[in-house]
Amino acid sequence: MRDCSSSPLVAGFLPPTDTGAMILALVLIAAVALAAVAYHGLERLGRRALLPASLRAIAWASLGVLLLNPGCPLPPEQSRPIVLLDGSLSMRAAGARFDAALADARGAGEVRLFGDPETRLDSVPVAGRSLLAPALAAARASGRPVIVVTDGELADSLESLPLLTGVGVRLFERKAGPAVAIASVRGPARITERDTLRLSADIHASGMAGRVASAITVRSGEKVLGSAPVAIGDGLSTVEIAIPGRALGAGEHALTIALRDSLDTERRDDRRLQLVTVSPTPGVVLVASPGDWESRFLYRVLRDVTDLPVEGFVELVRGQWKRMSNLQPVDGAEVRQAVSRADLAILRGATDLAQSVRGASLEWPIPAGADDSGGDWYLAAADGPPAGALAGAPVDSFAPMTALLPLSAEGTAWTGLTAQAGRRGTLRPALIGSVKNGARHVVIGAQGLWRWAFRGGSSEQAYRSLFAGTVDWLLAGQDTIRGRARPVRTVVPNGRPIAFSWIGGGVTEPVAIRLRGSDGSTLNDTLTFDGSGHAGLRLPVGTYTYQLSGGGRGIVAVEEYSDEWFPRPVVVETAVEAPFPSDRRQGIRERWWLFAIGIIALCGEWVVRRRMGLR
């Protein structure tokens, strides 16, 4: 059968046995007859009526066909099945059968790869995840038969699997066998030379006959920095490795954490990357003079809520400084130098060190003596940036403050906490923030906040959230990478993009980026940010140093590891596609050119009649 595009209006009649062809022929005959009656029978124009009568016949024929909307057979290419072929990295893992799956898919219909909606897939499985639902929804919307060819290890939620109803599924499962992978590595992104880098690795294994003794090694290039033994068996095993900061030296390091032994056929998930920056000075410095409960609890929570190295100094006796971590004596000049180099300096008392601060600062004065600021002061969240961290917390039911120093928010300063004496009287600021000479600055006047952390429960969580939000705001203006954008994660798995977030303030704009690989190759690209202020950059496996236009540099890496290498449960079953009629039809109204013919014919008749002096 011919397609409707071969209708008598274009190229000739369809076979007379076709119902659509019969309707088209009847409509055309009726249109020609009516046009002839109108021009020759009523208006009696003779030969002059040939052109306008023909145009009217064409217009009426088009309108008649559109009104009746006969069904016409679809062209063969629109009835051919769409074959969704799994394009995730699992199809190239050890034991996978991608070549057989590809040959089967090509013989079944039109092949389209699926896996990651954000990745443009061609003919090679490079997607870092196995998402079927977006591609399946688009394929089903075409109205054509759909076949899915996959290894069955999909990442889709169970709610999306009903879309497979009536869809053919052909499984090419990978060969079973023992599998071992380093599932994750945890550790700080930045330490000082005085710190110890503590890495924790989770090892996932399946199909093991028993527990096997092996080890985890940490390398910087070819240099082995440390190792730790581990017994690997089915399930999850965790091992910790401690490396002195001095063994790394100051600077940025790309560490390789790997299994010592080959325990399965897939080696690409036995290695992970960890980027660590070793700085000569800490990023956050807390100085307390004299030491008290506030500084003790604050030092502990700072180490938990920030990834930057935290150092604390306390003056227990006038002129004698000690480290909070181990109470070892330290020279006052070193304390002053640490304060001046810190990204964030927190001064609990120690007012004589305020002149040494160069970056962001948090001042927490200590009352000089008993005055009218003492009493029970109950706090409440205000409208400053840290106040959002206390949303939903019953702040006014927590332990009251023991004192409140007078503060005033002037100009563009904001108030993060307010306080009332005995839940009555005037609201007074208890925490204020501002920007002075380009540096962010916070002052806390409330005394006794440590009691929130001491009591535990919701009050302790509120204490942690308050200082986490405050530190985030303070450090937002002191990013150590320096630039208009920074990577959300410095290390990403194979097949996933490196995401950059906009931190330049104001409206986002494209940022040129230049990358240099460890092999000396260079790459120039442009970061284009979306409405949420994020831009993605896809790179081959490797470690890269990047430089942003207008300032900003750092290291990013794409590791060979991918979650797709490790076998996962098969979540679908083989299914035969629902029978599809071979003589599918489509209404002729789907042909846009028929509307155009009717409009052009009507307009043409009107123009011809006006030139003939007719209405």
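This is a predicted model: local features need pLDDT of at least 70, side-chain atom pairs count only at pLDDT 80 or more; totals for chains, interfaces and linings use all residues.
Angles under 35 degrees count as roughly parallel, over 145 as roughly antiparallel, 65 to 115 as roughly perpendicular, and the rest as oblique.

Numbering starts from 1 along each chain as its sequence is written, and side-chain values use heavy atoms, with hydrogens and water left out.

**Stop 1**

Select 293-305, helix 6. Axes are lines fitted to C-alpha atoms, for helices over the stretch in contact, and angles run from 0 to 180 degrees between N-to-C directions.

Now show side chains. Contact means heavy atoms within 4.5 Å. On helix 6, the contact residues include Phe 297, Leu 298 and Val 301. On helix 9, they include Tyr 463, Phe 467 and Val 471. The contact has nine nonpolar, no polar and three charged residues. Ala, Val, Leu, Ile, Met, Phe, Trp, Tyr, Cys and Pro count as nonpolar, Asp, Glu, Lys and Arg as charged, and the others, Gly among them, as polar.

**Stop 2**

Select Ser 289 and Pro 290. A cis peptide bond joins them, with omega about -5°. Pro 290 lies in the loop between strand 14 (284-289) and helix 6.

**Stop 2: Leu 327**

Most residues other than glycine have a negative phi, and most peptide bonds are trans. Leu 327 is not a glycine, yet its phi is positive, about 60°. Find Leu 327 in the loop between strand 16 (320-323) and strand 17 (329-330).

**Stop 3: helix 2 and helix 10**

Select 50-68, helix 2, and 592-611, helix 10. How close do their axes come? They come within 8 Å, and they cross at roughly 150°. Helix 2 and helix 10 are therefore roughly antiparallel. Among the contact residues are Leu 55, Ala 59 and Ser 62 of helix 2, and Gly 598, Ala 601 and Glu 605 of helix 10. By class, this contact of helix 2 with helix 10 holds 13 nonpolar, three polar and three charged residues.

Technical notes. Helices (H or I, at least four residues) and strands (E, at least two) are DSSP runs, numbered from the N terminus.
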